[in-house]
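Please walk through the helix packing and the nonpolar cores of the structure shown here.

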Amino acid sequence: MNLVHIVDNLAVGGAQAMLRVVVAGLAARGYRQHVICLNEVFSPPVVQSLRDAGASVEVIGRPLLFSTVGFWRIVAALRRRRPAIVHTMMPWGDLVGRTAARLAGARPVVSTVTARYATKPRIQLLLDRATAGWADRFVFESSEIVPFSIAHEGVRPDQVRCIPNGVKWDDRDRGEAAARLREEFGGGARMIIGMVARLHSQKAHADVIEALVRLGRESEDLRVWFVGDGPERARLAALAERRGVQDCIVFAGERHDARDWIAAMDLFVHPTYFEGLPVAVLEAMAESRPVVASDVDGLREVIVPGVHGWLVPPGDVEALADAIRTALGDRERTARVARAGAERVRSEFTATRVIESYDALFRSLVPGAGPTAPANVRR
């Protein structure tokens, strides 16, 4: 099975993490894969992991794309490679990928919708509606985000398939790495709260800063780790200084050992304004970290409030501060919640299930594809 993936960028992020899972899993099932990255933004370790899985990787870059030379290079690559499936991911990957596949005569096309993109410009939504019919199937990370795409992005109900994200895990003891991180970045604090997310307004890091202010004296024994990088870093650092909590916050930057950072946290927070099904939250739960997150989109499907974690209304800083106070205040209950979250993710949101679902979907769209090859896939 010859497969081409077209994606916005190959930076460190949830969508890219799922792409790596899918590429590695399908490679073990006999797929030949090529990844086309539209943006010149990429992480060398992410690219290398795709290549290690046997996929070839091609980076176009925005200058070539905007000049249309890059776009026609994609069309030419599809004509030359003649893929059995064209798989697109992320907003521009979907839009450009569907259009290029249409011009190249490449089908079927499967577009993976990675979030409810509530802030998309109107022109982009119009372009989505114009090209949605060129996809044979749309894969959604969560059923919660399907209505938005049907209402605003031109998706038809008969095109919809839901494949929730999943994570790999291992039983490696991260205690030594976690202790090292706490010693180096904990500042002697008794409790550490953390996020693993791109520093973008969507993820609402500013709400964590404001919640820290509302915790008052309780915050004096806390440290907040922001693991990730992005366009909001300078603004968030300025906000923390203006609110007088700069000494409580660590901007860790982009990290490739995020699981170790998660293991060192006492509480994982994710107060996002909109989402798909965030991989970082699944990873935190799989690592038995208690989670406080926003009551939005796919997070509702994985967390039953008070059972697997805590959900708060997006943008409600008071509720966020109260949930943090609750989670840190009753350690015995919080430990039970963390265990329940880990059990749910490890049984229901696995990388194995994601790979099997994509494999079955792709083969169902290709006449004569036959049964899957024996899998060599680890959770």
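Just after α12, Ser288 takes a positive phi of about 65°. This is a predicted model, in which local features need pLDDT of at least 70 and side-chain atom pairs count only at pLDDT 80 or more, while totals for chains, interfaces and linings use all residues. Residues are numbered from 1 along each chain as its sequence is written, and side-chain values use heavy atoms, with hydrogens and water left out.

Buried means under 20% relative accessible area, with exposed over 50% and partly exposed in between (1.4 Å probe, protein chains only). Helices are DSSP runs of H or I with at least four residues, numbered from the N terminus. The buried residues of α12 are Val279, Ala280, Val281, Leu282, Glu283, Ala284, Met285 and Ala286.

Next come the helix pairs. Helix α4 (residues 69-81) and helix α5 (residues 91-104) cross at roughly 55°, and their axes come within 9 Å. Axes are lines fitted to C-alpha atoms, for helices over the stretch in contact, and angles run from 0 to 180 degrees between N-to-C directions. α4 and α5 are therefore oblique to each other; angles under 35 degrees count as roughly parallel, over 145 as roughly antiparallel, 65 to 115 as roughly perpendicular and the rest as oblique. On the α4 side the contact (heavy atoms within 4.5 Å) is made by Phe71, Trp72, Ile74, Val75, Leu78 and Arg79, and on the α5 side by Val96, Thr99, Ala100, Ala101, Leu103 and Ala104. By class, this contact of α4 with α5 has 10 nonpolar, 1 polar and 1 charged residues. Here Ala, Val, Leu, Ile, Met, Phe, Trp, Tyr, Cys and Pro count as nonpolar, Asp, Glu, Lys and Arg as charged, and the others, Gly among them, as polar.

Helix α9 (residues 205-214) packs against helix α14 (residues 317-329) at an angle of about 65°, with the axes 8 Å apart. That makes α9 roughly perpendicular to α14. Asp207, Val208, Glu210, Ala211 and Arg214 of α9 meet Val317, Glu318, Leu320, Ala321, Ile324 and Arg325 of α14. The contact of α9 with α14 has 6 nonpolar, no polar and 5 charged residues.

The largest nonpolar core has 51 residues, of which Trp225 and Phe268 touch the most other members. A nonpolar core is a set of buried Ala, Val, Leu, Ile, Met, Phe, Trp, Tyr and Cys residues joined through side-chain atoms within 4.5 Å.

Methods
Helices (H or I, at least four residues) and strands (E, at least two) are DSSP runs, numbered from the N terminus.
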